[in-house]
Amino acid sequence: MTETLLSVRDLKVSYQVGKGSIDAVDGASFDVPRGSIVGLVGESGCGKTTVARALTRVIADNASITGGQILFDGQDIAALPEREMNALRWRDIAFIPQSAMNSLDPVYTVEYQLNEVLRRRGGLGRRQARARCEELFEMVGIEAGRLGDYPHQFSGGMRQRVAIALALALNPKLVIADEPVTALDVIVQRQILDQLRELQSMLGISVILVTHDISVVAYVCDRTVVMYAGRIAEAGPMDAVLMEPSHPYTMGLRNAFPDLKGAASGVLTPIEGAPPNLAFPPPGCRFAPRCPFAVETCTTQQPALGMVAPDHRVSCHRADEAAKLRQEAARTETWLADA
Amino acid sequence: MSHLKAMASRALQLALVLWAVVTILFLMFRLMPGNPMAAYIDPTFTVEQQEALMAQFGLDKPLWEQYLIYLGNLLQGELGQSFRYREPVAERLMTLLPNTLILTFSSLIVAYTFGILAGAYLAWRRGSVVENTAIPLVLTTRAMPEFWLGMVLLAVFSFWLGWFPAGGTRPAGASYDSLWALYTSREFLSYLALPALTLAIYSQGLPLLLMRSNMLDVMKEDFVTMARIKGLSNWSVVVRHAARNALLPVMTSFAIAVGYQLQGNVVVESVFSWPGLGRELVNAVSASDYPLAQGAFLMIAVVVILMNLIADLLYSLLDPRISHA
Ligand SMILES: Nc1ncnc2c1ncn2[C@@H]1O[C@H](COP(=O)(O)OP(=O)(O)O)[C@@H](O)[C@H]1O
Ligand code: SF4
Ligand SMILES: [Mg+2]
């Protein structure tokens, strides 16, 4: 048993749109160690959900995985026959969606939907399934008496707990949570994140937490993978990436979000401009059009994902100047001047 | 509890609609040109009969008083005397109602069973050759006039192949111990087959297309995607989740369709000489049998209104978002 549960290597996913195609994920590589929470963070539209769904291989009708490997427990599940992949789903890889409201079937009770996975996928008998339902509800802090309720009878936060209970039902090795708290208010967000963290460490499972909110990553994650326009910008231990970012985009993200643990200044500076159209991505570094530190090579050559420290990778031509760039990035003018 | 309250207010609403229908019928037949008594009294009735009806419906009284008497009579199921049959309208209609209901329900059950299954299947096979040929075919059945379809079925299965009788509900001269004995007899079924099939073919398009488009919408819902991510079988995903949700509005449309069908029946009942409400209504109107026409209108309206109420009930039964609000 290695320390790495999941290793995504050069993953490519594209969407067919009319006659053309969008390379929504264009060579993403990152690792998920066992027993850790990895935050996958980036602006809306950068390809986070596409990556998350590719890991389950339940993707949109017009999507296809066009390259790369997804090594799960040493096995490349990108190349697995559908039957074998389906056997893995939910038993080994479970999913917590953004909106538990829409992802629970409105016409069945929560118990029915738990039973569905426990019995059909987990092979449990009726009694065992009932006991497991009660156990799961206790784990997520809902009274067992509410098992017979329908999804619409729960509050938003409770529904998200139900979704967590569902995800944990079959003791998976990996839980992928796609924006699990985005739809909730801040106080409930904290509660759900605390619970997720607690259950994750209690059960020793791995979690990929997809979010556009860097403060969520700062709050619960062990590691961070920063995505930009379908590629990985920076990946490493959470503290290293967020406290001493080496990629200008990560530096910019940090300035743009409030409430970041240990963030010194109270001033928020957004990154000007918008991510590129993925149907016609710019050559070279995709962040170049918005990067205050872009130099000549940035617009012609794609930077490789290189090591800046053991376990910390960055895809930037000026990664070795990171310390200097961080100082400049801390100044608001840096981000205004360029636009 | 709020659920019960909602149902009660819906029932009240429908009672108001019924009252409006009753009132419109009253005014329509009273304010027709000619003798206002024409609504109830045929000149060929005997003097005693005429006088009895004058008294029963207060036809010599002012309009508002007639209205009250009319409402009172209705509450007691008193609809007057048919001009043509010289018998109480209510009795006459009660012998026709079962025929109409049997024809309507049997054809709609066939149409909906087929439509729901085929619609779900076509949604699942979206974009396939099967779907591309089936949809124009279904649209064709929607466009065919009922009487034409009825005639074709008659020509083929009755006159040519001789498999089914041509019209009516029973062989000439046949008699049965009870209505129940008639309706459960094999002969009755063979008489029912062609008109029911005609209506079923005509009606199957609506549930089919509705089911298909609902399915296509539901298949895009997150919970269907989640069912796949859970690794559930295709059957579970398509039937237990997608079809079950897509079914809700289709089931409601069934009750509404019963109401529409009662009107559509007119044509088919005429083609197959089926003694039902629709055919009777047409005959009554053309024979100026006003009490009978009025009664038939009313009865159809009552069934339509009742089915609307049932549609609501059905929806709240099938949709936990309403029943467990
Ligand atoms: N089914 C689809 N067809 C075409 N383009 C899509 C589809 N789904 C997502 N995209 C595009 O792919 C890119 C990445 O989307 P997504 O993975 O949802 O991003 P994120 O989750 O980071 O917000 C976006 O540009 C989006 O518009
Ligand atoms: S490669 Fe160049 S443009 Fe891209 S982030 Fe680094 S400095 Fe900016
Ligand atoms: Mg997303």
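A polar contact is a pair of N or O atoms within 3.5 Å; within protein, one atom must be able to donate a hydrogen and the other to accept it, and residues adjacent in sequence count only if both atoms are side-chain atoms. The structure is a predicted model, in which local features need pLDDT of at least 70 and side-chain atom pairs count only at pLDDT 80 or more, while totals for chains, interfaces and linings use all residues. Residues are numbered from 1 along each chain as its sequence is written, chains are lettered from A and ligands numbered from 1 in the order in which they are written, and side-chain values use heavy atoms, with hydrogens and water left out.

Ligand 1 is surrounded by 14 residues, where a residue counts if one of its heavy atoms lies within 4 Å. Among the closest are Gly45(A), Lys48(A) and Asn62(A).

| Residue | Part of residue | Distance |
|---|---|---|
| Thr50(A) | polar side-chain atom | 2.4 Å |
| Gly47(A) | polar backbone atom | 3.1 Å |
| Cys46(A) | backbone N or O atom | 3.3 Å |

Taken alone, ligand 1 exposes 560 Å², of which the protein buries 67%; these accessible areas come from the Shrake-Rupley method with a 1.4 Å probe. In chain A, β1 (4-17) and α1 (48-56) each supply at least two residues of this shell, and α1(A) gives the most, with 3 residues.

The shell around ligand 2 includes His247(A), Cys285(A), Cys291(A) and Arg318(A), and its residues divide into 9 nonpolar, 2 polar and 1 charged.

Key
Helices (H or I, at least four residues) and strands (E, at least two) are DSSP runs, numbered from the N terminus. Ala, Val, Leu, Ile, Met, Phe, Trp, Tyr, Cys and Pro count as nonpolar, Asp, Glu, Lys and Arg as charged, and the others, Gly among them, as polar.
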